[in-house]
Amino acid sequence: MTFQTLGLTTDLLRAVADQGYSEPTPIQQQAIPAILQGQDLLASAQTGTGKTAGFTLPLLQRLSADPTNKGHRTPRALILTPTRELALQVGDSVKIYGKHLPLRSAVVYGGVGIVPQIQALRRGVDIVVATPGRLLDHLGQKTLSLAQVEILVLDECDRMLDMGFIHDIRKILAVLPASRQTLMFSATFSKAIQQLANTLLKSPTLIEVAPRNTAAEQVTQIIHPVDRDRKRELLAYMISFHNWRQVLVFTRTKHGANRLAEQLTQDGLKTTAIHGNKTQAARTRALNDFKQGKVRVLVATDVASRGLDIDQLPYVVNFDLPDVPEDYVHRIGRTGRAGNEGRAVSLVCHDEYSRLRSIEQLLKRTIDEDVISGYEPTAPAQPGADSSNRKRSHQHRSDRAKPQTESNRSRSKNNSTGGRSKRLRTA
Ligand code: AMP
């Protein structure tokens, strides 16, 4: 199947060709014709599936096919996203795919001055990409009217609900025209999402593409059991020993992200942190430095990482396992993209095994363990924590690379895998 056969116009086909896309992804194959026909949509698709082009291309086509915005432009399409980063990325996609079309767009998000946004809106826009809080600020100040919106996109809907945006979303829905096309995208289909879909969508087309990373063909997932207080040392060792050049590391807390970034910097690894307490400018700068290879390690919290579009990221490390199992899927979705192989490494200490079990239940599979010699956990795993069919191997490092003292090694040996079968392998 080609983009031509999906019914896109020449201007959009040119933009797609400029991006070097040779064929539409599965979500694009299904979403583009449905949206072009004006249908409502409920799509299960996460970042990395090509969903942004899946809704942006047909949205642009529908707006340009019927250029009603002749005088002053008021927004005809609204795209809501949970985070500032995602809003910026979707805003970029709108510009990239719409570059041969005479449509105007603006991105509206918090954490930056509101005045430039007001000025952009005053000049007139066709498409607004927004996070809910700042959009409500604009509505409150009457710097924006949504009365002409024809297409509403709710991107990463599950995340918006997780982040407590449901009330904001309802307030926004209240000022939108009832007659419109609504497109909902969500990585997961919880009851709350289905309830929202029932109230918002009219005879929607349902699209479900296999979540790439639960299928995980392109992502090798591995667990390294290790004591909590040795995680940082093990991480620094792995980055240096394997000479990883670009690693995204997840922590559960902002404080943990800051502390880890400081410690890794002290270890001589160029590291920066990205989380909700950083200003938007600092987050954008950190992401750009990471993309350009100026920093080697980016430490991120789950919220800050949503929607990060970093192509061909080879390594993702879970320094802590997330509280919400779905976040694991989102995290490892940063690697193994666009046909490239990726590796998702989780450093798991004994009190994280219940989280690991929840993740494995969601994935419907167990993740193999690999004990790194010299970093064997001293604390026992929780009773019943280990799945009988989990493969465990034991990795030896070369003597040259071993940073451990003899006493540490023998202590680790005495507390080794507690009778579980293990495969010995030399690194
Ligand atoms: P998304 O799921 O929207 O975050 O997109 C993930 C990545 O896939 C982005 O870097 C897009 O540029 C890229 N992409 C989108 N559509 C295609 C396509 N048809 N072929 C190759 N790459 C694509």
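# Reading rings, helix pairs and backbone in a predicted model

Modeller: The secondary structure of the protein chain comes to 17 helices and 16 strands. Keep in mind that this is a predicted model.

Biologist: What share of the residues of the protein chain count as buried?

Modeller: There are 427 residues in the protein chain, and 54% of them count as buried.

Biologist: And the contacts? What percentage join residues at least 24 apart, among contacts between residues at least 6 apart in sequence?

Modeller: The figure is 75% for the protein chain.

Biologist: Now the rings. How many aromatic pairs are there?

Modeller: Ring centres must lie within 6.5 Å to pair. By that rule the count comes to five aromatic pairs. Start with Tyr-21 and Tyr-97. Their ring centres are 6.3 Å apart and their planes meet at 55°, so the pair is tilted.

Biologist: Where do Tyr-21 and Tyr-97 sit in the chain?

Modeller: They link distant parts of the chain, 76 residues apart. Tyr-21 is in the loop between helix H1 (10–18) and helix H2 (26–36). Tyr-97 belongs to helix H4 (residues 84–97).

Biologist: Is Tyr-97 buried or exposed?

Modeller: Buried means under 20%. Tyr-97 has 6%, so Tyr-97 is buried. Tyr-21, at 34% relative accessibility, counts as partly exposed.

Biologist: Take Phe-55 and Phe-185 next. How far apart are the centres of their rings?

Modeller: The centres are 5.1 Å apart. The planes lie at 50°, so this pair is tilted. It too links distant parts of the chain: Phe-55 is in helix H3 (residues 51–65) and Phe-185 is in strand E6 (residues 181–186), 130 residues apart. Both Phe-55 and Phe-185 are buried.

Biologist: Which residues do ring pairs link into a cluster?

Modeller: Tyr-237, Phe-241 and Tyr-375 form that cluster.

Biologist: On to helix packing. What describes two packed helices?

Modeller: Two values do: the angle between the axes and the distance between the axes. For H3 and H4, the angle is about 50° and the axes are 10 Å apart. These two helices are therefore oblique to each other.

Biologist: Is the crossing of H3 and H4 left-handed or right-handed?

Modeller: H3 passes H4 in a right-handed crossing.

Biologist: Which residues in H3 meet H4?

Modeller: From H3 come Thr-52, Ala-53, Phe-55, Thr-56, Leu-57 and Leu-60. They meet Val-90, Ser-93, Val-94 and Tyr-97 in H4. You have seen two of these names before. Phe-55 pairs with Phe-185, and Tyr-97 pairs with Tyr-21.

Biologist: Give me another helix pair. At what angle do helix H6 and helix H8 pack?

Modeller: Helix H6 (residues 132–140) and helix H8 (residues 166–174) pack at about 40°, with their axes 9 Å apart. That makes H6 oblique to H8. Their crossing is left-handed. Here Pro-132, Gly-133, Leu-135, Leu-136 and Leu-139 in H6 meet Asp-168, Lys-171 and Ile-172 in H8.

Biologist: Let us turn to the backbone. What is the phi of Ser-203?

Modeller: Phi of Ser-203 is near 35°, a positive value in a residue other than glycine. Ser-203 lies in the loop between helix H9 (191–200) and strand E7 (205–208). At 72% relative accessibility, Ser-203 counts as exposed.

Biologist: Where is Asn-243?

Modeller: Asn-243 is in the loop between helix H11 (231–241) and strand E9 (247–250). Its phi is near 55°, again positive in a residue other than glycine. Asn-243 has 44% relative accessibility and counts as partly exposed.

Biologist: Last topic: sequence distance against distance in space. How far apart in space are Asp-368 and Thr-220?

Modeller: They are 9.6 Å apart, C-alpha to C-alpha, yet 148 residues apart in sequence. Asp-368 is in strand E14 (residues 368–372). With a relative accessible area of 23%, Asp-368 is partly exposed.

Biologist: And how many residues apart in sequence are Glu-262 and Ala-273?

Modeller: They are 11 residues apart in sequence and 8.8 Å apart in space, C-alpha to C-alpha. Glu-262 lies in helix H12 (residues 254–266). Glu-262 is exposed, at 51% relative accessible area.

Conventions. Residues are numbered from 1 along each chain as its sequence is written. This is a predicted model: local features need pLDDT of at least 70, side-chain atom pairs count only at pLDDT 80 or more; totals for chains, interfaces and linings use all residues. Side-chain values use heavy atoms; hydrogens and water are left out. Rings of Phe, Tyr and Trp (its six-membered ring) pair if their centres lie within 6.5 Å; planes under 30 degrees apart count as stacked, over 60 as edge-to-face and the rest as tilted. Helices (H or I, at least four residues) and strands (E, at least two) are DSSP runs, numbered from the N terminus. Buried means under 20% relative accessible area, exposed over 50%, partly exposed in between (1.4 Å probe, protein chains only). Axes are lines fitted to C-alpha atoms, for helices over the stretch in contact, and angles run from 0 to 180 degrees between N-to-C directions. Angles under 35 degrees count as roughly parallel, over 145 as roughly antiparallel, 65 to 115 as roughly perpendicular and the rest as oblique. A crossing is left-handed if the near helix is turned anticlockwise from the far one by less than a right angle, and right-handed if clockwise. Contact means heavy atoms within 4.5 Å.
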